[in-house]
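Dear colleague,

Please find below the structure I promised to pass on to you. My notes on what turned up in it follow directly after.

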Amino acid sequence: MAAAILNLTETTFDEEIGSTTEPVLVDFWAEWCGPCKMIAPILEEIADEHAGTLRIAKVNVDDAPDLARRFDVMSIPTLILFNEGQPAKRLVGATGKSQLLDELAEFL
């Protein structure tokens, strides 16, 4: 995993999301999820290319089931963009890099 990607837990989530000035794209994922593994390298590229304007974080739903419930994550991967500490956009399912960047353009 790229150093630019933050691993969030139920203990660190609120502090990390609330304390950043940049938008944070949170990937709700699991080890056993094939589409999650497909999108992981794309998220690493985006994290590297947009460092300073967008942060990428991951939440393993098996390790943090309460966070998954809190944000109504019903299928994975679910990507939720937090802007100013609040959920601003939700994307469900794996997608290509260009489509993902198009979806996030207003926050970049």
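Predicted model: local features only at pLDDT ≥ 70, side-chain atom pairs only at ≥ 80, totals over all residues.

The disulfide links C33 with C36, the distance from S to S being 2.3 Å, and the link is right-handed, with 80° about the S-S bond. Both cysteines fall under the 20% limit for burial: C33 counts as buried because its relative accessibility is 4%, and C36 counts as buried because its relative accessibility is 2%.

Turning to the strands, β4, which covers residues 78-83, pairs with β5, which covers residues 86-92, and the two run in the antiparallel sense over 6 bridges. Within this pairing, L81 has K89 in β5 as its bridge partner. The hairpin that β4 and β5 form has 2 residues between the strands, and in this hairpin E84 adopts a positive phi near 55°.

A polar atom of the N60 side chain lies 2.9 Å from the backbone nitrogen of D62. What does N60 contact, once its neighbours within four places in sequence are left aside? With those neighbours set apart, N60 is in contact with W29, A30 and E31.

How values were computed
Residues numbered from 1 in each chain as written. Heavy atoms only, no water. Disulfide = S-S within 2.5 Å. Buried < 20%, exposed > 50% of the residue type's maximum accessible area, 1.4 Å probe, protein only. Pairing = 2+ DSSP bridges. Helix = DSSP H or I, 4+ residues; strand = E, 2+ residues; numbered from the N terminus. Polar contact = N/O pair within 3.5 Å; in protein donor to acceptor, adjacent residues only side chain to side chain. Contact = heavy atoms within 4.5 Å.
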